[in-house]
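Hi everyone, thanks for making time this morning. Let me put the structure up, and then I'll walk you through both chains.

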Amino acid sequence: MSDAVISSTRRIPLSVGPRVVGIAGLVAALLLAEFLIQAGIVNRFIVPPPSAVIVALYRIIVSEDVFGRFLRTAGECLVAGVLLTLFGVVGGVVMHRFKLLQQACETWVAAMAAAPLVLLYPLFLVVFGRNIWTIIMMGLLSGLPPTILKTIEGMSATRKVLINVGRSFNLTATQQFWKILFPAALPTIFVGVRLGLIFALINVVGTEFLINYGGLGALITDLAERYDLAGTYAAICFVILVSVVFFLTLEKVERWLRPVD
Amino acid sequence: MATGDAILSVDDIVVRFDTAEGPITAVDDVSFKVRPGEFLSVIGPSGCGKSTLFNVIGGLLSEHEGVVSVAGETIDGPHKSIGMVFQEESTFPWRTVTDNVAFPLELIGAPRDKRIERARHFIKLVGLDGFENRYPGELSGGMRQRVSLARTLASEPKILLMDEPFAALDEQTRLLLGDKVLQIQQSLKQTTLLITHNITEAVQMSDRILVMTYRPGRVKRIVDIDLPRPRSSEIVTSAAFGRYVAEIWNDLREEASRGMQDEESHVLHHQGAAP
């Protein structure tokens, strides 16, 4: 038999080409911004030149305890991320299992996903006080809906033939879940966790900013109030770094759990 | 054939479905028996209830009249004696070929090294040695169907039940896979029930062919295929093969025409009903 291997869905490591193009694109955008600002086309009192932001990076590392704040924000995101994965996936599985619950609640969860939940921070301040739990809970609350919805979607989209394979092997309900439904739904669940983490990160930093407490969000408030524009943008770079670290880690976890799609 | 000779008995199966247009009888009073080691094909036009019958025999469809029994034991639901191979691609994309094939052994709690050893045996049997650590996404459609076949064989069923397993494949691959299935069936003396709409495939592989009528699906007749064994796809060029194909097509043509007319009147009816 001479069947050919027709396709490969194994993730190919990013080759040098796309990386170079990506970095070159970023550098070109920064150079363009630098030129526009230095030439006076863009107001430097609204957008600081990238060169000033790069200088400010070192300054805020030395004088603003950026690493401590980075770890604090990252820690809050990590706790919110772990909780939203746990509660979101379990919530989605339970809602998928009990159709009445799904029919009753799915619209509400979808509405929650679209709502500006960050506006609830005064309520959370009253409930938890001005501390780290207000920030974590704000992150958790905003990250839950997409995780729940995507978990339901992943479970519901499992191909019927795979379920029938399980049935033909006489699988118990528990075996059917762990051996077929869950691994089949995993890629979609990870999309939900990614979305949840995005929402959580936005809300963690946003709440830090609003209540002026904690890590990088609070630092951005301080720097903005001092009208240190370059410092503010430099702090935002560290927020982006938190996001990058989380997504790279999540991708590793996904590859470990499911080596191919 | 006496009931005692049969490893699989299908008796008086009737399946009705409620549809928007009222109840329809998909399968009506179907009875047949399969002998140990026999290769029986069930052939019929689209809509004759072949896949419904597959689900009834496999235990996936419990709402039916009549009885299915394996070696005299009435079965009600999926049974370890019946291994199913589905028409749709059914490998687990998150498992390697070895882990896919070892799946039924994992379910019975076989130790890992034993599982791997048995899985490799069946992988070799379907001609996929060298692909043990590949994922289904890296294989062609024909190779994936062989993985499904190996996985089912690994559960060592008494009866192999296949529902148009090569329907999605091109004709050449289908013929070559037919050879592979025949080799396996003959080497294991595996009782096999194949559901198909492909006459060539049925004649190439079967000892007997059960021809079904168009809706409601009934047994029209059973044809004995008296071609020499071992067979391969080369047999399709023989005159005897051609005669069997023509004979079965004669039976099927009327049913297929009825099916086509029924579909056309269905479409016309819906178009007429549409605003």
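From the N terminus on, chain A reads α-α-α-α-α-α-α-α-α-α. That is 10 helices and 0 strands, where helices (H or I, at least four residues) and strands (E, at least two) are DSSP runs, numbered from the N terminus. This is a predicted model, in which local features need pLDDT of at least 70, side-chain atom pairs count only at pLDDT 80 or more, and totals for chains, interfaces and linings use all residues. Residues are numbered from 1 along each chain as its sequence is written, while chains are lettered from A and ligands numbered from 1 in the order in which they are written.

Staying with chain A, its C-alpha atoms fill a box of roughly 70 × 60 × 30 Å along the principal axes. Of its 261 residues, 36% are buried, meaning that 20 or more other C-beta atoms, placed from the backbone, lie within 10 Å of a residue's own.

Now over to chain B. Here 6 strands make an open, mixed sheet in the order 6-7-8-3-9-10; two strands pair if DSSP finds at least two bridges between them. Strand 6 (82–85) and strand 10 (219–224) of chain B are the edges, each pairing on one side only.

Which strand does strand 3 of chain B run parallel to, with 5 bridges between them? That partner is strand 8 (residues 191–196) of chain B, joined to strand 3 (residues 39–43). Within this pair, B:Val42 stands opposite B:Ile195. As a reminder, strands of a sheet pair through backbone hydrogen bonds, either parallel or antiparallel.

Conventions. Buried ≥ 20, exposed ≤ 12 C-beta atoms within 10 Å, placed from the backbone.
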